[in-house]
Amino acid sequence: MNSKVRKNLFNVLFLIALLVVTMWAVFKDQDLSIILDTLAGVAPVYLVIGFILVILYVCSESVIIKYLLHTVQIRVPLLNCIRYSFVGFFYSCITPSATGGQPMQIYYMKKQNIDIPTATIILMLVTIEYKFVLVFIGLAVVFFGQGLVQSLNLEVQFFLYLGIALNVFCVSFMSLLVFLPNTAKFLIMKGFSLLKKLHLMKEKNNRTQRLSNSMELYKEASVFLKNNKAAILNTTIISFIQRFFLFFITYVVYRSFGLHAENAFTITILQSIISISVDMLPLPGGMGISERLYLLIFSPIFGGAAAATASLLMSRGFSYYILIIVSGIISFITHLTVRGDNPIQKEEKRGKL
């Protein structure tokens, strides 16, 4: 068993263990019969809408990837981009801090003749836009929605501010890499040298040179941004729409329970607060803390713990658990069918950043 297989197996086992602990924590004080009766009363149309929103959420990223690849004269069928997105979401869902998604996307993009530097920069831009949307919403909530924030449990407020701080740091760091690549390279190389002097990191396998080479990618990304500002603006707008598809699922669940006291905007913003809070935490899909924050926020809105738990199973079921299942199936099919023999890529004149 090679190291890659062992690592994936460990991630899956860790995910299962975390799922078991999470489910125990959610249900240990609940009357399961009440929860099941509540779910049984949900009209099937709401289940269909929830599923459609999840698929639209994933496919929105596919549109962004295709758009950016088209900008650099790489013609890729939308179906291939959909595959990349599902692969990315699957591995992001099962790895801490969603670190496994992009490497696997790059792997399959390379097999279909998209060079690694281009794939890396495209996906880095997707990540920056994805994080930027969370930062924008988080800061907007803090500055213009203090009434809503102050009404939340103190634990929820803590994780909200922590999530905003971590995402601001992440976006700022990635923006530094892109917009000031020479400064970023100087600081990172100096930092790496300091770590070696302190014996916290060893020089092996030409690590210094590989780090230096990787920094050159950010110079290319900087040039890309300067030359394609309209593309970045358009794909950022698509990223906002993409996030809306996911956050809106909770409102669909809310209406499926026959509730209407709160409007769609409030429910959607409350769900976004959960995503902002857990996005950078080192847990697969924010599992455990996502469920806890959801119950803290939505128990009063759904009229009690039992109804909130039932809604959690639906909302989280669509936005995470069903996403894992569907993306896992598509990732498996992709692994079996992608052989690096894409004739479209071979026939087209492929551009580079």
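# Close-up views of a helical protein model

**Figure 1. Overview of the fold.** The protein has 15 helices and 0 strands. The model is predicted. Of its 353 residues, 48% count as buried. Among contacts with a separation of 6 or more, 76% join residues 24 or more positions apart. The accessible surface comes to about 17,500 Å². Carbon and sulfur atoms supply 68% of that surface.

**Figure 2. An edge-to-face pair, Y107 and Y108.** The structure holds 16 aromatic pairs. The ring centres of Y107 and Y108 are 4.9 Å apart, and their planes stand at 80 degrees. Planes over 60 degrees apart count as edge-to-face, so this pair is edge-to-face. Y107 is partly exposed, with a relative accessible area of 33%. Y108 counts as buried, at 3% relative accessibility.

**Figure 3. A stacked pair, F169 and F173.** The ring centres of F169 and F173 lie 6.4 Å apart. Their planes meet at 10 degrees, so the pair is stacked. Both residues belong to helix α8 (residues 154-179). They are 4 residues apart, about one turn of the helix. An α-helix has 3.6 residues a turn, so residues three or four places apart point the same way. F169 is exposed, with a relative accessible area of 60%. F173 counts as partly exposed, at 37% relative accessibility.

**Figure 4. An aromatic cluster.** One aromatic cluster is formed by F244, F245, F248, Y251, Y254, F257, Y294, F298 and F302. Phenylalanine and tyrosine side chains both take part, including those of F244 and Y294.

**Figure 5. A charge over a ring, R316 and Y320.** The charged end of R316 sits over the ring of Y320. The distance from that charged end to the ring centre is 4.5 Å.

Figure 6. S327 lies in helix α14, which covers residues 305-337. At 0% relative accessibility, S327 counts as buried. A polar atom of the S327 side chain lies 2.5 Å from the backbone oxygen of L323. The backbone oxygen of I324 lies 3.3 Å from a polar atom of the S327 side chain. Beyond its neighbours within four places in sequence, S327 is in contact with F86, F89 and F90.

**Figure 7. Helix α12, a largely enclosed helix.** Helix α12 spans residues 264-278 and has 15 residues. From first C-alpha to last, helix α12 reaches 22 Å. That is close to the 21 Å expected at 1.5 Å a residue. Of the 15 residues of α12, 13 are buried, so the helix is largely enclosed by the rest of the structure. N263 is seen at the start of α12. A side-chain oxygen of N263 comes within 3.1 Å of the backbone nitrogen of F265.

**Figure 8. M124 and V178.** M124 has its place in helix α6 (residues 116-144). At 7% relative accessibility, M124 counts as buried. In sequence, M124 and V178 are 54 residues apart. In space, the two are 9.5 Å apart, C-alpha to C-alpha.

Technical notes
Residues are numbered from 1 along each chain as its sequence is written. This is a predicted model: local features need pLDDT of at least 70, side-chain atom pairs count only at pLDDT 80 or more; totals for chains, interfaces and linings use all residues. Side-chain values use heavy atoms; hydrogens and water are left out. Helices (H or I, at least four residues) and strands (E, at least two) are DSSP runs, numbered from the N terminus. Buried means under 20% relative accessible area, exposed over 50%, partly exposed in between (1.4 Å probe, protein chains only). Contact means heavy atoms within 4.5 Å. Accessible areas come from the Shrake-Rupley method with a 1.4 Å probe; for residues, only the protein chains shown count as cover. Rings of Phe, Tyr and Trp (its six-membered ring) pair if their centres lie within 6.5 Å; planes under 30 degrees apart count as stacked, over 60 as edge-to-face and the rest as tilted. A charge sits over a ring if NZ of Lys or CZ of Arg is within 6 Å of the ring centre and within 35 degrees of the ring normal. A polar contact is a pair of N or O atoms within 3.5 Å; within protein, one must be able to donate a hydrogen and the other to accept it, and residues adjacent in sequence count only if both atoms are side-chain atoms. The expected span of a helix is 1.5 Å times one less than its number of residues.
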